[in-house]
Amino acid sequence: MNVRVKLVTFFFILSYLALIGRLFYWQIVKGKVLAAQAQNQYQSEFTINAPRGDILASDGTWFTASGESWLTYASLPDLVGRPNTIAEKLAPLFVEDPEDHELLFLEIDRINSLLSRDGVVWVPLKRRVNSETKQEIEELEIKGIGFEKEEQRIYPEASAAAQLLGFVGKDSEGNDKGYFGIEGFYDVVLSGKEGFKMREKDASGAPILIGATREVSAVEGVNLVTHVDKYVQLTLDRKLKLGIEKYGASGGVAIVMNPKNGAVLGMSSYPTYDPNSYWKFGDELFNNPVISSSFEPGSIFKVIVMASALDAGVVEPDTTCDMCNGPTKVDKYFIETWNQVYYPDSTMKDVIIHSDNVGMVFVGNKLGSDKLYGYLQSFGFGAPTGIDLQGEANPQLRSKGSWSQVDLATASFGQGVAVTPIQMITSVATIANMGIKVLPQVVDKFAGEGWQEDISPVTGDRVISEKASAQITAMMAEAAKSGEAKWTYARGFKVAGKTGTAQIPIEGHYDEEKTLASFVGFAPYDDPSFVMLVTLREPTSSPWASETAAPLWYDIAKDFFIYYGIQPEN
Amino acid sequence: MKYARKVTQTKKRFRLSKKTLLWAIVGLFIAVQVFFTIQTAATGAKIANFERKVTELVNTNKNLESKLVEATSLSKLEEKAFDLGFVKNTETVYLKAGVTFAKLP
């Protein structure tokens with residue numbers, strides 16, 4: 001074989017080896033990368049959004065809805081231009097007030113530092129950018145700046161019912177999660193489940209129908225139709241705020257319920273926050289004091305104790321108190337009336353009308369601690385009401401058998417027991433509902449596309465007899481008409497109510513000046529449309545409920561009389 | 001001797017060989033395949049177009065819903081009413097049933 005043939009053979013062998021080597025490189029070494037690149041070209045994968053369910057008022061209008069916003073990001077390798085120049089362009093669109101130069105400079109600095117980061121490809125610049133701002137940014141035509149759609153929760157009534165609704169934030173993995181109130185309690189129901197779609201596509205991006213396809217459908221979140229009436233809610237919010245300002249209180253709550261089925265028609269507390277921008281407010285505002293704060297109810301608790309005594313048959317409305325002629329001594333303590341005025345031989349009706357502490361000690365003694373404990377448990381004290389809101393507190397009752405004479409005496413006029421406002425109004429609703437307990441309920445129906453599922457109200461057992469209920473209602477009606485808050489009584493309207501001024505316990509003793517003023521009542525008392533509790537914390541214009549909470553209660557109730565078509569007598 | 005020519009009239013019968021038949025069937029299948037592939041490809045494009053339209057409609061629907069949510073806000077309605085000069089009544093007068101008023105002479 002001559003040299004030329006050998007050379008050609010060698011060349012061929014070398015070429016084959018080179019080809020095999022190259023093939024090995026592409027198939028084995030780079031095989032996975034190329035396969036992934038190819039897959040990206042012919043396969044598309046995307047998630048199918050599942051919007052969160054809306055929360056609706058009883059009339060079907062929105063308390064919350066799902067809108068859309070944009071996450072603005074920068075793809076650093078694609079960025080064209082100096083970071084500080086881009087930051088100067090974007091910052092005025094990201095800050096609330098571009099005229100606030102300090103904020104603007106801080107924002108420029110923040111964006112600049114984000115865009116100047118090393119070793120990062122994708123940088124989020126701003127969340128919750130609305131569509132208008134997005135359009136303005138797009139008009140700047142900055143290469144490397146992009147947008148990702150994200151769901152935004154809209155609360156069209158702003159801070160109205162904020163603590164009732166809760167808000168949607170992020171969990172530790174960055175997913176949407178409901179916190180507090182309805183958003184927290186019904187988070188699983190409201191949250192949809194994202195779907196997934198994978199399919200092959202052609203060069204133009206159109207799907208190849210005969211190619212491989214995989215699809216998991218999205219499940220949309222369920223809408224919640226609440227019992228909450230927007231008119232009632234907004235009236236409560238507006239009037240409570242005005243009342244707090246008028247009476248110089250540090251805060252307050254107001255709740256309205258339908259005593260016949262436990263439907264929560266409105267629930268307001270102040271101070272509050274705006275769930276549209278919850279991150280700007282302190283954590284302490286997120287808890288709903290109606291369900292999560294406990295307080296000593298004071299004299300409004302007397303109606304519960306008296307109702308129990310009437311039901312137990314230990315007193316009658318005309319039973320006379322034989323110890324009401326002056327302060328009474330229990331153990332080493334003297335129990336006085338709130339105004340040091342005494343009414344000898346008061347009947348039980350008088351005891352409620354005058355809010356007589358001594359008279360209530362008489363009732364407590366007649367009832368005994370074990371019976372009182374049993375009734376309080378039946379009314380729902382010492383256990384959560386089970387309201388469908390996240391964060392309900394459960395103040396405990398003193399355990400059975402451990403009640404001293406002093407405990408019994410003070411509990412009989414509402415001191416030394418801790419209750420939540422929702423427990424208090426639920427127990428008064430029991431009286432208004434002829435003695436049958438109803439459980440508070442916020443959400444009325446689950447609703448989806450073309451379907452609805454009613455959530456039946458939960459009715460509890462009978463707590464007191466119909467007779468006892470009628471007797472205590474009559475006493476409350478008389479207390480509203482002739483008690484210390486009679487000056488603010490809405491004449492002609494059938495209101496049954498009771499004031500309560502409670503001292504605030506601080507570090508083992510009662511504060512001498514600060515009080516918690518409450519008024520609880522229902523109307524019309526013979527066929528109640530609503531039961532309402534108003535509580536003001538530390539009012540400064542007057543410490544007494546009769547001069548603060550009671551007039552506020554009537555001020556709100558007057559609007560409800562018109563709204564519910566309640567006419568005055570005669 | 002004259003040879004009589006025997007003329008036999010035979011009909012020409014068209015006969016497909018197995019091979020031809022096979023090719024015809026294969027050809028038909030290929031044509032059908034090509035036809036359906038073209039149809040499918042076109043349908044894919046149609047579907048992509050429909051999906052684009054669906055996305056547009058969903059977005060429009062979302063925007064309209066957002067506007068509806070804003071428009072039905074009772075708080076905003078109250079603000080607007082206040083700005084327009086509407087004032088809530090401060091006193092309600094209840095009339096006795098049966099009392100006549102604005103009676104014609």
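**Strand pairing and chain contacts**

Modeller: Strand 8 of chain A runs antiparallel to strand 9 (residues 213–216) of chain A, with four bridges joining them; strands here are DSSP E runs of at least two residues, helices are H or I runs of at least four, both numbered from the N terminus, and two strands pair if DSSP finds at least two bridges between them. Bear in mind that this is a predicted model, where local features need pLDDT of at least 70, side-chain atom pairs count only at pLDDT 80 or more, and totals for chains, interfaces and linings use all residues. Residues are numbered from 1 along each chain as its sequence is written, with chains lettered from A and ligands numbered from 1 in the order in which they are written.

Colleague: Which residue is the bridge partner of Arg199(A) in strand 9 of chain A?

Modeller: Strand 8 and strand 9 of chain A are antiparallel. Across that pairing, Arg199(A) is partnered by Thr213(A).

Colleague: And which residue in strand 8 of chain A stands opposite Phe46(A)?

Modeller: Strand 1 (residues 43–48) of chain A also pairs with strand 8 (residues 195–200), antiparallel, through six bridges. Opposite Phe46(A) sits Lys197(A).

Colleague: Which element gives the most to the side of chain A that touches chain B?

Modeller: Counting C-beta atoms, placed from the backbone, within 7 Å as contact, 22 residues of chain A meet 18 of chain B. On the chain A side, strand 3 (62–75) and helix 9 (230–246) are the elements giving two or more residues. The top contributor, with four residues, is strand 3 of chain A.

How values were computed
Contact = placed C-beta atoms within 7 Å.
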